[in-house]
Amino acid sequence: MKKNALFRLVLAALVFGLSLPASFGRAPAKIKIAKEKQFVLDWLAQPQIAEKFGRISDSIWSYAELGLQEFKSSKLLADTLEQAGFKVERGLAGMPTCFVASYGSGKPVIGLLGEFDALPMLSQKGRIPAQDPLVEGAPGHGCGHNTMCTAAAAAAISVKEAMDKFHLPGTIKVFGSPAEEIIVSRPHMIRAGLFGDVDAVIDNHSGSGFGTSYGRGGNAVFSVIFSFKGKTAHGANAWAGRSAMDGVEITNVATNYLREHLDPAYRMHYVVLEGGQAPNVVPDKASVWYYVRNSDERVEEMFERVLNCAKAGALASGTELLPPRFIAAVHQTHANKAAAELFQKNIELVGMPVWTEEEQSFAKALQKELKAKEDGMPAKVDTLRIPSGMSFGGGSTDVGDVSLIAPTASIRFPGQVPGAIGHHWSSVTANFGSAAWKGLNAGAKAIAASAVDLLTKPEELKKLRIEFEEYAKKYAYKPFLPADAKPPLDLNEELMKKFGPLLEKFEIK
Ligand SMILES: [Zn+2]
């Protein structure tokens, strides 16, 4: 849909309403802010800029492309950066949708991470507080990745403008990172040398709060497909065959018995990818996809035990276990404390966006539907999260590997509804429209302000580097991903071939 300028102005006024000065305006005057930082905050506060990146986010949300199939999403972001004057290299590290956009030259080199992939089965209409798919069974943005590389791109372009205006030294790079939902891209990007010259990394993730944390978090993971080869036969004459599906089932029975004898912090889950097509044909091919999650120290040993279960499945069913296919293998995240402290100051400076009545009532309606606490959108930014030192729970991200090769911390920016469930339709519905636009704009400001600090204050960057180099003595990076593992370009191909055309008619341009 083409919009004229007047329509855009009216739309911006409707979306941002009277809260515009508070949510997009200058930072409070009483705090002394360096002119370069004030510049990026003001640049990002322009309504037409907030709208431009909000629309990019909504477009990516509507594409809902799965990992390594993010052709439209990646192109939109890479084109936006290129049009802003960045040098963009595409199709890197063996992944057509991976790109790096760079601006400036020499040291320091500040890297911004950005994700853009969706999740399967979550299709949902935007801003509707009840489950209502756009396309039944299609993918959806249930983790807010539509907002994330978008926030990094907005931040990078504002920093580029500041570099031009104030003749700042150094380089800003956006790492367009595909397939985070299948935890794939960063180990390959590291292996390809893309992070070789990076001095510090600012990661981001969408959420409902606005904050950051440091220390070790999340789980290392091995994501592996076990495939079995049997012998086909008539189902009514099954003694002549060997069922590959039996291999899968015995593997799963064995791992579920194994669970009892694992520390409760050990996590594993699986889906059956292939198990035959009809009971009257003994399946000679079957496969099961496992996530084995644990701490960095324990994940390899745990994987060996799960692999033994698969070997047992093959032995008992008289089938052959093919060489396991590594989809991904990543470390826990080791977030840098000095980076998190710096980011926290900028998060507090930017502050929580001011939400409109409409945004509050949508949030409460969604919370009601989910039987969550009906307290609407958050009013304040979070305090700095310190490591709990407790058991290793939670998800996994390939940002973990990056955190072991350069000082890294992540800015969690708002926009999602508190109580909405991650990887669920309730997050998809909340990651669209005005609240998502405001959240990513606030995130972009905190990212840009932090990048300006790292480019202009060598003493700040030095703190990150000293901590990182000390840490690296204890935790030297050794990839979990086997040297011969390739990015699984085929993994989501069929699903996107099926759903891409169905989603096309809902595309937001
Ligand atoms: Zn995510």
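Author: Start with the metal. This is a predicted model. The zinc ion has C143 (SG), H145 (NE2) and H205 (NE2) as protein donors, lying 2.1 to 2.3 Å from it.

Reader: What makes these atoms donors of the zinc ion?

Author: Distance and atom type. The cut-off is 2.8 Å for N, O and S atoms. The SG of C143 and the NE2 atoms of H145 and H205 lie 2.1 to 2.3 Å from the zinc ion. They count as donors.

Reader: How are the donor residues spaced in sequence?

Author: The pattern is C-x1-H-x59-H. C143 and H205 link distant parts of the chain, 62 residues apart. C143 sits in the loop between β3 (109-115) and α6 (145-166), while H205 belongs to strand β5 (residues 200-206).

Reader: Why is C143 called buried?

Author: Its relative accessible area is 14%. Buried means under 20%. So C143 qualifies as buried.

Reader: And why does G106 count as partly exposed?

Author: G106 has 46% relative accessibility. Partly exposed falls between the 20% limit for buried and the 50% limit for exposed. Therefore G106 is partly exposed. G106 lies in the loop between β2 (99-105) and β3.

Reader: What does G106 touch, leaving out residues up to four places away in sequence?

Author: G170 and T171. G106 is also 7.2 Å from P169, C-alpha to C-alpha, though the two are 63 residues apart in sequence.

Reader: Which residues of α8 and α9 meet?

Author: From α8, the list includes I250, A254 and L258; from α9, it includes V306, C309 and A310. The residues of this contact divide into 8 nonpolar, 5 polar and 2 charged.

Reader: What makes α10 and α14 oblique to each other?

Author: The angle again. Helix α10 (residues 337-350) and helix α14 (residues 434-456) pack at about 135 degrees, with their axes 9 Å apart. That angle falls between the 115 and 145 degree limits. Therefore the pair is oblique. Their crossing is right-handed.

Reader: Which residues of α10 and α14 meet?

Author: L342, F343, N346, I347 and V350 in α10 meet residues of α14, among them K445, A449 and D453. By class, the contact holds 8 nonpolar, 2 polar and 2 charged residues.

Note on methods. Residues numbered from 1 in each chain as written. Predicted model: local features only at pLDDT ≥ 70, side-chain atom pairs only at ≥ 80, totals over all residues. Heavy atoms only, no water. Contact = heavy atoms within 4.5 Å. Helix = DSSP H or I, 4+ residues; strand = E, 2+ residues; numbered from the N terminus. Nonpolar A, V, L, I, M, F, W, Y, C, P; charged D, E, K, R; others polar. Donors = N, O, S within 2.8 Å, 3.2 Å for Na, K, Ca; no water. Buried < 20%, exposed > 50% of the residue type's maximum accessible area, 1.4 Å probe, protein only. Axes fitted to C-alpha atoms, helices over the stretch in contact; angles between N-to-C directions. Parallel < 35°, antiparallel > 145°, perpendicular 65-115°, else oblique. Left-handed = near helix turned anticlockwise from the far one by under 90°.
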